[in-house]
Amino acid sequence: MMDSCCDDKGSELAQLRGRQARVLYIVLAINALMFVVEFSAGWMLSSTALLGDSLDMFGDALVYAISLFVLHRGTRARAGAALFKSGFLLLFSLLIIAEAVRKSLLGVVPEAGWMGLIGFMALAANLSCLLLLYTHRSDDINMSSTWLCSRNDVIANLSVLAAAGLVMFTGSLWPDLIVGVCLALLYLHSSVQVGRKAWPQWRRGDDQYAEEVQAEAPAAGCCGSSAKKP
């Protein structure tokens, strides 16, 4: 009976992981596609805000890809994936800040109309991801944090739309530059924080993962009772 109970729980967990993976694959595809669209549009339209917001899509795509990659892996794999994400975010953040400096020197004003249209597309994409993740927001800490990140991303989309409106109203490049640089600095800071936390975990390796599994093992219940048998 105890073995049957453990098998049932294992099957339920596998089904939950399968449902989570399907949702993560969908939101990964949405964010990866929107990163390409928003980054390309930001470059062609000379919009620093769109370039900065594309970091949001890029970061989310990496988060979802990492969530799928580490679904059944240990601490070292999670930390290595986080370091990979940190390095790319750092690189793109510095690129966008350098581009903002160049545009400020040249006085390039972005095309506000197209900027607003792409901003609306990014907002729609993030809202779609938010709805997809909503039913899984309480599954576990991984899915909960993923949903919260998507919810907060909407704020970045709204800031891009506000910048587009101000550029259209004032004819100035500064609203676009300010929003874009602020977003780039935000993700630059995030990349440093992620790398700082992930590096010691990567160095410690999977010994920590074994300790986490042992600490999280149930102290009671059918599976826990079975493990305690002499």
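Predicted model: local features only at pLDDT ≥ 70, side-chain atom pairs only at ≥ 80, totals over all residues.
## Reading an aromatic cluster

Phe35, Phe39, Trp43, Phe58 and Phe92 form one aromatic cluster.

User: How many aromatic pairs are there by the ring-centre rule?

Analyst: Side-chain values use heavy atoms, without hydrogens and water, and residues are numbered from 1 along each chain as its sequence is written. Rings of Phe, Tyr and Trp (its six-membered ring) pair if their centres lie within 6.5 Å; planes under 30 degrees apart are stacked, over 60 edge-to-face, and the rest tilted. The count here is six aromatic pairs. In one of them, Phe35 and Phe39 are tilted, with 5.7 Å from centre to centre and 35 degrees between the planes.

User: Where do Phe35 and Phe39 sit along helix H1?

Analyst: They are four residues apart in helix H1 (residues 2–44), so about one helical turn separates them. Helices here are DSSP runs (H or I, at least four residues), numbered from the N terminus.

User: Is Phe35 buried or exposed?

Analyst: Buried means under 20% relative accessible area, exposed over 50%, and partly exposed in between (1.4 Å probe, protein chains only). Phe35 is buried at 15%, and Phe39 is buried at 18%.

User: Why is the pair of Phe35 and Phe92 edge-to-face?

Analyst: Their ring planes are at 90 degrees, with centres 5.7 Å apart, so the pair is edge-to-face. This pair links distant parts of the chain, with Phe35 in helix H1 and Phe92 in helix H3 (residues 75–106), 57 residues apart. Phe92 is buried too, with a relative accessible area of 16%.

Conventions
Helix = DSSP H or I, 4+ residues; strand = E, 2+ residues; numbered from the N terminus.
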